[in-house]
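Me: Please pick one part of this and take me through it slowly. I'd like to know what holds it together and what sits around it.

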Amino acid sequence: MEFSGHTLVTRTSYHNHTTWSDGASTVAEMIDAARKAGMEELGISDHFALAPDHRRFSWALPPESLDAYIAEVQKAKAAAKDLKILLGLEVDYFPESMDSIRQRLTPRPFDYLIGSVHFVDDFAIDLNAQPWESLSRAERNRMWRGYWQLVRDMAATRFFDIAGHFDLPKKFKFFPSLDLTDDAMAALDAIAAADMAMEINCSGWDKPVEEAYPALMYLREANRRKIPLVINSDAHSAGQVANHFERALRMAEEAGYTELVRFERRRRFACPIHPESRNE
Ligand SMILES: [Zn+2]
Ligand SMILES: [Zn+2]
């Protein structure tokens, strides 16, 4: 893996799925790939979805397997000497489940929690394009509005460390027909007010929309609000662990970022993008 043109200080990737949820590779395979890609830190963050109606999702970690998942990642963490392994989780934000989400996750030794909105009411935003195709224009607008509101509410819980894929509903290129910029800005304000970090989620570059989450415009606004940033591939297989990292770094700089952040036991540390900016 080439990281040409940059001497990176912070080569971390915190949003990665394994066979514990909908990933194709095991924890060990992901670690091996991260090592080969020259990453310094690899965070495992399988899907955790505690729906209020106790629905099961084929793409999520079965809730009763949470401790087995933690045990495997912690074991890998202890064994990996040259690469730092972190214990994370990508948690679905279901407003009605917040009490039980807090109860289950707070006592456990996570390094960070990613808060993600994948559903507006019962509508799955990012599963495939078909549900979007069958929506009317008004319904699409309603989904977008509802999404931004849920991101605000998710941030307001102040429970999560990183906001996942900020503008996810754009995935299949179904955009609102109204200008919802104010709604998106309110979501950024909520993330800033909650002192959460955001991610550049590189997986969007490989989706129909062909751009990272968030769009550059939102990333600039995030920087203006001093929202801390991590770069994540959202890998679902070992080969994707460092996908588009260099491109994301250029995007971060274009948005005005000079530092990224790292996490450990839910505490955050700033790291300059370039070593020379250390003494500035
Ligand atoms: Zn997600
Ligand atoms: Zn994910």
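Reply: Donors here are N, O or S atoms within 2.8 Å of the metal (3.2 Å for Na, K and Ca), and with water left out, sites may look incomplete. This is a predicted model, where local features need pLDDT of at least 70 and side-chain atom pairs 80 or more, while totals for chains, interfaces and linings use all residues. Residues count from 1 along each chain as written, chains are lettered from A and ligands numbered from 1 in written order, and side-chain values use heavy atoms, without hydrogens or water.

Let's go for the metal pair. Glutamate 90 bridges two zinc ions, ligand 2 and ligand 1, lying 3.5 Å apart. Histidine 17 counts as buried because its relative accessibility is 0%. Aspartate 234 has 8%, so it is buried too (buried is under 20%, exposed over 50%, partly exposed in between; 1.4 Å probe, protein chains only).

Now step back to the strands. β11 belongs to an open sheet of 6 strands, ordered β3-β5-β6-β9-β10-β11 and paired in parallel. β3 and β11 are its edge strands, each pairing on one side only (pairing takes at least two DSSP bridges). Strand β10 (residues 197-201) is joined to β11 by 4 bridges, running parallel. Asparagine 201 has asparagine 232 of β11 as its bridge partner.

Over at β3 and β5, a helix comes in. The buried residues of α3 pack against β3 (47-48) and β5 (90-92), as well as against α2 (66-79). Those residues of α3 (98-105) are Met98, Ile101 and Leu105. Asp99 and Gln103 are exposed on the other side of α3. Take leucine 105: beyond its neighbours within four places in sequence, it is in contact with Phe48, Leu66, Leu89, Val91, Phe110, Leu113 and Phe159 (contact is heavy atoms within 4.5 Å).

Definitions and conventions
Helix = DSSP H or I, 4+ residues; strand = E, 2+ residues; numbered from the N terminus.
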